[in-house]
Amino acid sequence: MAQEEVQNEGAKKVAAVTFTAVKPQLTVEAPKAVDAVQFYKSAFGAVEVGRTLHPKRKADQELPHILSAQLELAGSTILVSDIAENYAPVKAEGTGCVLCLETEDVEAAIAMAVNAGGVAEGEITEGDGACCGGRVGKVKDPYGYVWLICSPAKKCADVDA
């Protein structure tokens, strides 16, 4: 047998993979997921469509441990989970996460998030410093996540790749 045939003999066929969704999971210190879900509902109009609680959580404990609360937000799905020493879903590695929400009324969206308990960071920027020349403001939620509130991006076809 030729060397190429021998190498291919042990190779496994890999099927094509099609992804159907990306669902960012925001983990917060237990038991704050209940509060985080409420914040995202109040601040951004998220709609809770499902919740999974830890099955072994004792009935006498004050708050349930949320393994995953599924929220619909701006046509996307995000997951919110409690993270605790004994019930950690997946430990996040990396440097952080920034989430971007688009809206026509950046000021009103930031005001709504601040009214719900978020903190506006910096000024609203416009032009070259913003997303494709649009307008963008920044809000940090009570759980440490940064949300960019942006006007819809202008067409970026002229941007060099």
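Predicted model: local features only at pLDDT ≥ 70, side-chain atom pairs only at ≥ 80, totals over all residues.
Student: How do you know that the span of helix 2 is close to the expected one?

Tutor: The helix has 12 residues and reaches 16 Å from its first C-alpha to its last, which is set against the 16 Å expected at 1.5 Å a residue.

Student: Why are the buried residues of helix 2 said to line one face?

Tutor: Buried requires under 20% relative accessible area, and the residues of helix 2 classed in this way are A33, A36, V37, F39, Y40, A43 and F44. Seen down the helix axis, the buried residues fall within an arc of 160°, so they line one face of helix 2.

Student: Which residues have the most contacts inside the largest nonpolar core, and which element gives the most to this core?

Tutor: The core has 26 residues, and those with the most contacts inside it are Y40, F44, W147 and I149. Helix 2 gives the most, with seven residues. Leaving aside neighbours within four places in sequence, Y40 is in contact with residues including L26, L71, V80 and W147, where contact means heavy atoms within 4.5 Å.

Student: What makes strand 1 and strand 2 the edge strands?

Tutor: The open sheet has four strands in the order 1-4-3-2, with mixed pairing, and strand 1 and strand 2 (47-53) each pair on one side only.

Student: How do you know that strand 2 pairs with strand 3?

Tutor: Pairing needs at least two bridges; six bridges join strand 2 to strand 3, and these strands run antiparallel.

How values were computed:
Residues numbered from 1 in each chain as written. Heavy atoms only, no water. Core = buried A, V, L, I, M, F, W, Y, C linked by side-chain atoms within 4.5 Å. Buried < 20%, exposed > 50% of the residue type's maximum accessible area, 1.4 Å probe, protein only. Helix = DSSP H or I, 4+ residues; strand = E, 2+ residues; numbered from the N terminus. Expected span 1.5 Å × (residues − 1). Arc of directions from axis to C-beta.
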